[in-house]
Amino acid sequence: MTSQARSVATTIEPQRVSDGAGVKLKRSIATATLDYLDPFLLFDHFGSDNPDDYIAGFPMHPHRGIETVTYMHAGVVEHRDSLGHAGSIAAGDVQWMTAGHGILHEEMPQLRGGQLSGFQLWVNLPAKLKLTKPRYQEVAAKRIPEVGRENGVHMRVIAGSVDGVRGAVKEIAADPTYLDVCMPADAVFRQAIPRGHTAFAYVYEGEGQFGVNTKSVGTNVRGPKLVVFTDGDTVEIGAAPAGVKFLLISGQPLHEPVARYGPFVMNTAEEIQQALMDLRNGTFV
Ligand code: MN
């Protein structure tokens with residue numbers, strides 16, 4: 001079969017929302033426009049120079065049936081949970097948390113340095129893993145491999161494989177790719193993504209042509225914006241004269257029923273009721 005370049009299915013304008021105890025976010029998945037991009041349940045971009053926008057944080061709250069992926073660009077988020085886990089996620093670090101059958105945790109941005117910038121992605125778990133044992137892959141910035149190409153394109157490989165370099169986060173059910181790509185002026189970037197996998201880019205800075213292929217110059221996108229790709233084997237992106245920076249994320253869709261209620265994502269309404277009951281009865285974790 002010949003290789004097929006993915007084109008742009010749709011671009012999403014992030015919505016300004018407030019979550020947790022009053023953290024201001026730009027949300028692109030889990031909105032009225034894009035409720036679910038199987039297997040991705042939520043995508044948030046948080047960032048501000050003003051501590052009032054983030055300091056209230058996300059006090060103790062539960063999760064069940066999903067994975068949450070936090071990737072920081074600036075600032076520090078302190079993390080603590082019901083299993084006795086505690087730590088901080090700083091600039092360049094990733095925390096891939098599998099909530100499984102249940103976690104109660106808090107995520108509190110710190111004042112150090114003033115600035116906060118980062119991303120949180122929720123990845124759905126297949127029905128057979130929804131009640132799995134909670135686990136963490138916490139990867140410090142210096143352990144995330146970096147790949148540089150001759151044309152000046154530079155990326156951090158959080159998950160997936162690029163030019164034979166394997167990402168830091170491994171053995172995740174969705175077989176994800178998660179790259180942070182930085183492209184200089186007019187550079188071109190091509191990356192293989194398995195056919196059938198859902199793929200999107202989140203453009204956080206600059207401008208480029210997304211979904212370039214032999215038939216099309218692609219769709220011009222200026223950040224901040226989320227770009228959803230059609231199916232195919234590769235994505236191709238061309239940077240505008242000012243360059244472009246984006247996250248490229250893909251994963252295997254589940255094609256399973258979704259019952260979601262806040263931080264719980266199960267397959268049926270009964271399983272949601274069970275989660276609420278467990279929380280009330282103190283049997284959640
Ligand atoms: Mn959380």
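User: How much space lies in the largest pocket?

Analyst: This is a predicted model, in which local features need pLDDT of at least 70 and side-chain atom pairs count only at pLDDT 80 or more, while totals for chains, interfaces and linings use all residues. Residues are numbered from 1 along each chain as its sequence is written, and side-chain values use heavy atoms, with hydrogens and water left out. A pocket is an open set of points on a 1 Å grid over the protein atoms alone, where a 1.4 Å probe fits, with protein on both sides within 12 Å along at least five of seven lines; points are joined across faces, edges and corners, and the volume is the space filled by probe spheres set on them. For the largest pocket, that space is about 400 Å³.

User: Which element gives the largest share of the lining of the largest pocket?

Analyst: Lining residues have an atom within 4 Å of a point, and 25 residues qualify, with Asp19, Phe58, His61, Glu107 and Gln120 the closest to the centre. Two or more residues each come from β3 (23–29), β4 (40–48), β5 (58–63), β10 (103–109) and β11, where strands are DSSP runs (E, at least two residues) numbered from the N terminus. The largest share, five residues, belongs to β5.

User: What spacing do the donors of the manganese ion follow along the chain?

Analyst: Donors are N, O and S atoms within 2.8 Å of the metal (3.2 Å for Na, K and Ca); water is not among the atoms, so the site may look incomplete. The protein donors are His61 (NE2), His63 (NE2), His105 (NE2) and Glu107 (OE), at 2.2 to 2.3 Å from the ion. Both His61 and His63 are buried, a term that means under 20% relative accessible area, with exposed over 50% and partly exposed in between (1.4 Å probe, protein chains only). Along the chain, the donors follow the spacing H-x1-H-x41-H-x1-E.

User: How many residues apart in sequence are the parts that the pair of Tyr71 and Phe119 ties together?

Analyst: Rings of Phe, Tyr and Trp (its six-membered ring) pair if their centres lie within 6.5 Å, and planes under 30 degrees apart count as stacked, over 60 as edge-to-face and the rest as tilted. Of the 11 aromatic pairs in the whole structure, one is Tyr71 and Phe119, stacked at 6.2 Å centre to centre with 25 degrees between the planes. Because Tyr71 lies in strand β6 (residues 66–74) and Phe119 in strand β11 (residues 116–124), the parts tied together are 48 residues apart.

User: Is the pair of Phe119 and Tyr202 stacked or edge-to-face?

Analyst: Phe119 is buried, with a relative accessible area of 0%, and Tyr202 is likewise buried at 0%. Their ring centres are 6.0 Å apart and their planes stand at 70 degrees, so the pair is edge-to-face.

User: Which side chain does a polar contact of 2.7 Å join to that of Asp44?

Analyst: Asp44 lies in strand β4 and counts as buried at 5% relative accessibility. Its contacts (heavy atoms within 4.5 Å), leaving aside neighbours within four places in sequence, include Leu25, Arg27 and Phe119. A polar contact is a pair of N or O atoms within 3.5 Å; within protein, one must be able to donate a hydrogen and the other to accept it, and residues adjacent in sequence count only if both atoms are side-chain atoms. At 2.7 Å, the partner of Asp44 is Arg27.

Definitions and conventions
Helix = DSSP H or I, 4+ residues; strand = E, 2+ residues; numbered from the N terminus.
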